[in-house]
Amino acid sequence: MGAAAAVVARARRNVISHFLSCNAVSADQAVSFTPMRAIERRMLDRYVRAGVIVPVAKGGYYVDVPTYDSQNGERRQRIGLAMTALALIGGAVVALVN
């Protein structure tokens, strides 16, 4: 499970990094993207469905930065809640064992 999460995280970083390193943050600055791996294609598709990456008529894409920031903040919040829940469960297990 951990390895799969690492692969997804790497694909997420690769896709977003491509656009941000090219400064593709508006329709005028859209760039093309050719995924190197299937997971990058799926991540691109996921970002397009979420409105984070926006396709343009000329065939390129750009990052909608406010949408990306919002989605990234929500993702981090979900991770924080999950970690808190795991810590509480772990604490409860330790308390029950002792």
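Q: How many salt bridges does a search of the whole structure find?
A: This is a predicted model, where local features need pLDDT of at least 70, side-chain atom pairs count only at pLDDT 80 or more, and totals for chains, interfaces and linings use all residues. Residues are numbered from 1 along each chain as its sequence is written, and side-chain values use heavy atoms, with hydrogens and water left out. A salt bridge is a side-chain nitrogen of Lys or Arg within 4 Å of a carboxyl oxygen of Asp or Glu. The search of the whole structure finds 1.

Q: What separates arginine 41 and aspartate 45 in helix 2?
A: These two residues form a salt bridge, with the closest N and O atoms 3.2 Å apart. Helices (H or I, at least four residues) and strands (E, at least two) are DSSP runs, numbered from the N terminus. Arginine 41 and aspartate 45 are 4 residues apart in helix 2, so the separation is about one helical turn.

Q: Is aspartate 45 buried, exposed or partly exposed?
A: Buried means under 20% relative accessible area, exposed over 50%, partly exposed in between (1.4 Å probe, protein chains only). Aspartate 45 has a relative accessible area of 30%. That makes aspartate 45 partly exposed.

Q: Which residues of helix 1 are buried?
A: Helix 1 covers residues 2-21. On one side of it, Gly2, Ala3, Arg13 and Ser21 are exposed. The buried residues are Ala9, Ala11, Val15, Ile16 and Phe19.

Q: Which type of aromatic pair do phenylalanine 19 and phenylalanine 33 form?
A: Rings of Phe, Tyr and Trp (its six-membered ring) pair if their centres lie within 6.5 Å; planes under 30 degrees apart count as stacked, over 60 as edge-to-face and the rest as tilted. Here the centres are 5.5 Å apart and the planes 45 degrees. The pair is tilted.

Q: Where does tyrosine 61, the partner of phenylalanine 19, lie?
A: Phenylalanine 19 and tyrosine 61 form an edge-to-face pair, 6.2 Å centre to centre, with 70 degrees between the planes. The two residues are 42 residues apart, with phenylalanine 19 in helix 1. Tyrosine 61 lies in strand 2 (residues 61-63).

Note on methods:
Expected span 1.5 Å × (residues − 1).
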